[in-house]
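Please read the points below with the model open beside them. They move from the sheet to the helices packed around it, and then to the whole chain.

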Amino acid sequence: MALEQSVDALITSALWRPVGLELLRGACGGWTASDLARWLLGPYQEATLYVPRSERKNTRARKVDAREVQTILRSARAEVVALLRDARWGGGPEFVRTAIRDRAIVPTSSGLWIPLDKSRMLLKDRVLALFAADYLLRPQDYVGDLIVCSKCEEVVFDPAARQTGYCGAHRISGLFGVKAKQATLMRWQVEHAKTRMRMRPS
Ligand SMILES: [Zn+2]
């Protein structure tokens, strides 16, 4: 791969994760077909290396209805989130190996892996290729900082979130939850101590 492509790869590497996360948020935020098209032709195309498609004259653009788009988005999200969850254990996650095997990501001369925008890729494979290239560049973020919020399933890279298990929006309520549990436990301990005092033979 040419040097200028390696330089491009280094510049676009900052986009891989935010662009992947943008789709995951959109998928549960009610994205429509036009939102998905905007992502594919905008941020996604900027973050990937375009592989020219062989022109096929007889391909008719199939009309996809709104419900179908929602289903595609939701199932892509579910699969990506499940695979990212496993990436927290490190050791060469499955989706990274798959992306290399399927040539969804390719190495550059500078040792960087870049995601490709090829024809006939499933949406989940496009998103996973972004995360796979990002993982190979910054594996420690996945092992140390990645969490899937236990309340809303948002994927977050944040060591503080890793400690609580909640995203920023739910961290406060999560803390209240912990505090409430602690208060209940303390009340129980006090009651228990009182009962024991009463039961103690005089
Ligand atoms: Zn959350």
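1. Two strands are taken to pair if DSSP finds at least two bridges between them, and the elements themselves, helices (H or I, at least four residues) and strands (E, at least two), are DSSP runs numbered from the N terminus. The model is a predicted one, in which local features need pLDDT of at least 70 and side-chain atom pairs count only at pLDDT 80 or more, while totals for chains, interfaces and linings use all residues. Residues are numbered from 1 along each chain as its sequence is written.

2. Three strands form an open sheet in the order β1-β3-β2, and the pairing is mixed. Strands β1 (49-50) and β2 are the edge strands, each with a single partner, so one side of each has no neighbour in the sheet. Between β1 and β3 (residues 113-117), which run parallel, there are two bridges; tyrosine 50 stands opposite aspartate 117 in β3.

3. Helix α6 (residues 123-137) packs on this sheet and touches β2 and β3, its direction making about 170 degrees with that of β3. For such angles, axes are lines fitted to C-alpha atoms, for helices over the stretch in contact, and the angles run from 0 to 180 degrees between N-to-C directions.

4. Strand β2 (residues 105-107) includes proline 107, which is partly exposed because 15 other C-beta atoms lie within 10 Å; the cut-offs are 20 or more for buried and 12 or fewer for exposed, with partly exposed in between and C-beta atoms placed from the backbone. Although proline 107 and alanine 9 are 98 residues apart in sequence, their C-alpha atoms are 9.9 Å apart in space.

5. How do the axes of α4 and α6 cross? The axes of α4 (residues 66-87) and α6 come within 9 Å and cross at roughly 25 degrees, and the two helices are therefore roughly parallel to each other, a term used for angles under 35 degrees. Their contact (C-beta atoms, placed from the backbone, within 7 Å) involves residues including Ile72, Val80 and Leu84 of α4 and Val127, Leu128 and Phe131 of α6. By class, this contact has eleven nonpolar, no polar and two charged residues, where Ala, Val, Leu, Ile, Met, Phe, Trp, Tyr, Cys and Pro count as nonpolar, Asp, Glu, Lys and Arg as charged, and the others, Gly among them, as polar.

6. Overall, the protein has nine helices and five strands, and buried residues make up 25% of its 202 residues.

Notes
Contact = placed C-beta atoms within 7 Å. Parallel < 35°, antiparallel > 145°, perpendicular 65-115°, else oblique.
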